[in-house]
Amino acid sequence: MKKLCAFLFLAVAAVPGANLSMASETDNSARAVLITGANRGLGLEFARQYKAAGWQVIGTARKPDAATELQELGVKVVQLDVTDAESVASMATELDGQPIDLLINNAGVLPMQDTLPEADIGTVAWTLDVNTLGPMRVSQALLPNLSAGEGKMIVSISSGLGSLERNSGGRFYGYRESKAALNMFTRSLASELRNDGFIVIVMDPGWVQTDMGGPSAPLTPEQSIRGVRAVIDGLAAEDTRRKIRVLSRSTMVRAWPGSESG
Ligand SMILES: NC(=O)c1ccc[n+]([C@@H]2O[C@H](COP(=O)([O-])OP(=O)(O)OC[C@H]3O[C@@H](n4cnc5c(N)ncnc54)[C@H](OP(=O)(O)O)[C@@H]3O)[C@@H](O)[C@H]2O)c1
């Protein structure tokens, strides 16, 4: 059945463990996923879990030679700086003709700028460049690969801090704006690709123990990405038409109480 294109703003929506066993029992060897910023944090965990589930994994890193943990997974490592148009173009050239089923726009930055007087506008512009324009550049460059894939999914990692509705505390100048704009880009792309059978979504991974999330976060990367993958698996496996109807009633689904990233 042809999939419908979907825009869904989801927090981690899965019950821990859901769909994981199903994923590991399936032959995924024909499926390819590309993850940006895969050398550490959530990107590395995405790479680890998709590799373990049998997928062909392409992980990007700004410095592939220094990405030892990613290299040790035995996945394909490609150089990519999402702010550098030449780097994006050479990645696309290197991957020319390779079908990709799932793109995960994960790379991101969070500079701490809590008041307007301390906010550096150049830093805000850089944050938008990485967090908003980065996913646009990469999605644009890899559209032929994604169109050639069966999965036709683009998942961008957003944040609760990008929610207009839930911003009662302010702070995080640059980051909040970048994720709100990423959400809007995603919504537009979802509309554009609707008739081509794509699922285009943003997801909030929860507040997670990474360099960005810090040690006080309630979720480990393993827990967060297990939940995110279960949502992705569910969307890919189920009748998308029905799934959209269910999820659209509650656009912010949260299954990790207290773990929201803002
Ligand atoms: N952790 C949380 O609690 C949390 C909550 C909500 C949303 N998120 C989102 O989840 C995503 C991953 O976050 P994380 O916690 O894993 O962060 P992290 O540990 O700081 O890792 C960030 C990753 O992004 C890469 N990156 C940064 N700038 C880049 C650029 N210009 N081009 C390519 N790659 C670049 C980094 O590469 P280098 O090693 O080269 O710097 C690194 O691989 C981000 O989009 C973040 O906004 C995280």
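These are notes on a predicted model, taken point by point.

1. Overall make-up. The protein contains 8 helices and 7 strands. Of its 262 residues, 47% are buried. When contacts between residues at least 6 apart in sequence are considered, 71% of them join residues at least 24 apart.

2. Nonpolar core. The largest nonpolar core has 55 residues, and the members touching the most others are Val 33, Ala 47 and Leu 103. Helix H7, residues 221–237, contributes the most to this core, with 7 residues. As a general matter, nonpolar side chains in soluble globular proteins tend to be buried together.

3. Leu 103. Apart from neighbours within four places in sequence, Leu 103 is in contact with Leu 34, Ser 139 and Ile 154, and also with Val 138, Leu 142 and Leu 146. Val 138, Leu 142 and Leu 146 are among the buried residues of helix H5. An α-helix has 3.6 residues a turn, so residues three or four places apart point the same way.

4. Helix H5. This helix covers residues 121–148, 28 residues in total, and its first and last C-alpha atoms are 40 Å apart, close to the 40 Å expected at 1.5 Å a residue. Leu 142 is itself buried and is one of the contacts of Leu 103.

5. Packing of H5. Its buried residues include Thr 127, Asn 131, Arg 137 and Asn 145 as well as Val 130 and Pro 135. The elements they pack against are strands S2 (32–35), S5 (102–105) and S6 (153–157), together with helices H4 (85–94) and H6 (175–193).

6. Ligand shell. There are 30 residues around the ligand, and those coming nearest are Gly 37, Gly 41, Gly 108, Thr 210 and Gly 213. By class the shell holds 13 nonpolar, 12 polar and 5 charged residues. Helix H2, residues 41–52, gives the most to the shell, with 3 residues.

7. Positive phi at Lys 152. Most residues other than glycine have a negative phi. Lys 152, which is not a glycine, has a positive phi of about 50°. Lys 152 lies in the loop between H5 and S6. This residue counts as buried because 22 other C-beta atoms lie within 10 Å, where the cut-off is 20 or more.

8. Positive phi at Phe 172. Phe 172 also is a residue other than glycine with a positive phi, near 55°. Phe 172 sits in the loop between S6 and H6. With 22 C-beta neighbours inside 10 Å, Phe 172 is likewise buried.

Methods
Residues are numbered from 1 along each chain as its sequence is written. This is a predicted model: local features need pLDDT of at least 70, side-chain atom pairs count only at pLDDT 80 or more; totals for chains, interfaces and linings use all residues. A residue is near a molecule or strand if its C-beta atom, placed from the backbone, lies within 6 Å of it. Helices (H or I, at least four residues) and strands (E, at least two) are DSSP runs, numbered from the N terminus. Ala, Val, Leu, Ile, Met, Phe, Trp, Tyr, Cys and Pro count as nonpolar, Asp, Glu, Lys and Arg as charged, and the others, Gly among them, as polar. The expected span of a helix is 1.5 Å times one less than its number of residues. A residue is buried if 20 or more other C-beta atoms lie within 10 Å of its own, exposed if 12 or fewer, and partly exposed in between; C-beta atoms are placed from the backbone. Two residues are in contact if their C-beta atoms, placed from the backbone, lie within 7 Å. A nonpolar core is a set of buried Ala, Val, Leu, Ile, Met, Phe, Trp, Tyr and Cys residues joined through C-beta atoms within 7 Å.
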